[in-house]
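Here is a friendly tour of a protein model. Keep the sequence and the 3D view at hand as you read.

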Amino acid sequence: MSQQATDIKDKGDKTLLIACGAVAREIVALNRMNGWDHLEITCLPAIWHNTPDKIPGGVREKIRENKDIYGNIIVVYGDCGTGGELDRVLEEEGIKRIDGVHCYAFFTGLDAFDEMHDNDITCFYLTDYLTRHFDTLIMDGMGISKHPELLPMYFGNYTKLVYLAQTEDPDLQKKAREAAEKIGLEYHYRFTGYGELGTLMADASRSPNL
């Protein structure tokens, strides 16, 4: 058997996670921490959260590039603002994704996030990733830095910024508090750790069918 054929066979014994770049750091950390050597990871740009219409097509392309190589593929995305279009693509491609509407829900836990959202729909959420890149993704990415008059249009219906922290990092807490001030929202902090993301990945590592 050629080296190329051997490599393809070895890959076929592995599971590929197609993930959102916004949770890449946490996924890689969990993968390393748990020694899930049969899980491999590829990520799509986190900034696509600003243009969610790109997500379904990008995921489809990744699936088609890899489905003849890997024995199993799982998508680590919520719906992420695609309005069900991502799930339609996954149904057509015969691929599963982990449960959840947003990445935030992976960290709080799905039921807890639903409860939080139902109790107060005026919350804007940050994770570690979104806190690190707040200016790039929000202030610059949404055009607020150049056009501050857009701020009420984007955030006029929000009252609170809730930082869902994966790590206990004083520098990130400071950045999150500053982010709340920039968009004029009341600041709240909640430490989640990796939340249910670790459980969801453990399920993915054991079962091709989630």
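Partly exposed is the range between buried, under 20% relative accessible area, and exposed, over 50% (1.4 Å probe, protein chains only). Lys160 and Asp120 join their side chains in a salt bridge, with 2.9 Å from N to O. A salt bridge here is a side-chain nitrogen of Lys or Arg within 4 Å of a carboxyl oxygen of Asp or Glu.

This pair links distant parts of the chain, 40 residues apart: Lys160 lies in strand S6 (residues 160–165), and Asp120 in the loop between helix H6 (110–119) and strand S5 (123–126). Asp120 is buried, at 18% relative accessible area. Helices (H or I, at least four residues) and strands (E, at least two) are DSSP runs, numbered from the N terminus.

## How to read the model

This is a predicted model, in which local features need pLDDT of at least 70 and side-chain atom pairs count only at pLDDT 80 or more, while totals for chains, interfaces and linings use all residues. Residues are numbered from 1 along each chain as its sequence is written, and side-chain values use heavy atoms, with hydrogens and water left out.

How many salt bridges does the structure hold? There are eleven. One of them pairs Glu40 with Lys14, whose closest N and O atoms are 3.1 Å apart. Because Glu40 sits in strand S2 (residues 39–44) and Lys14 in the loop between helix H1 (3–12) and strand S1 (15–20), this pair ties together parts that are 26 residues apart in sequence. Lys14 is partly exposed, at 26% relative accessibility.

Now look at helix H4 (residues 85–93), where Glu85 and Arg88 are three residues apart, about one turn of the helix. These two form a salt bridge, with 2.4 Å between the closest N and O atoms. Glu85 is partly exposed at 30% relative accessible area, and Arg88 is partly exposed at 35%. Salt bridges with shared partners join Arg60, Arg64, Lys67, Glu85, Arg88, Glu92 and Glu93 into one network.

## Inside the fold

Which residues of helix H2 (residues 24–34) are buried? They are Ala24, Glu26, Ile27, Ala29, Leu30 and Asn31. These buried residues pack against S1, S2, strand S3 (72–76), helix H5 (103–108), helix H7 (128–132) and helix H11 (197–206); a contact means heavy atoms within 4.5 Å. Just after H2 comes Gly35, with a positive phi of about 65 degrees.

Asn66 is buried, with 14% relative accessible area. Leaving aside residues up to four places away in sequence, Asn66 touches Leu16 and Ile73.

## The whole protein

Stepping back, the protein has eleven helices and seven strands. Its radius of gyration is 18 Å, close to the 17 Å that the globule rule gives for 210 residues, so the protein is as compact as a globular protein of that length. This radius is taken over C-alpha atoms, and the rule is 2.2 Å times the number of residues to the power 0.38. The C-alpha atoms fill a box of roughly 65 × 30 × 30 Å along the principal axes.

Of the 210 residues, 47% count as buried. Among contacts between residues at least 6 apart in sequence, 69% join residues at least 24 apart.
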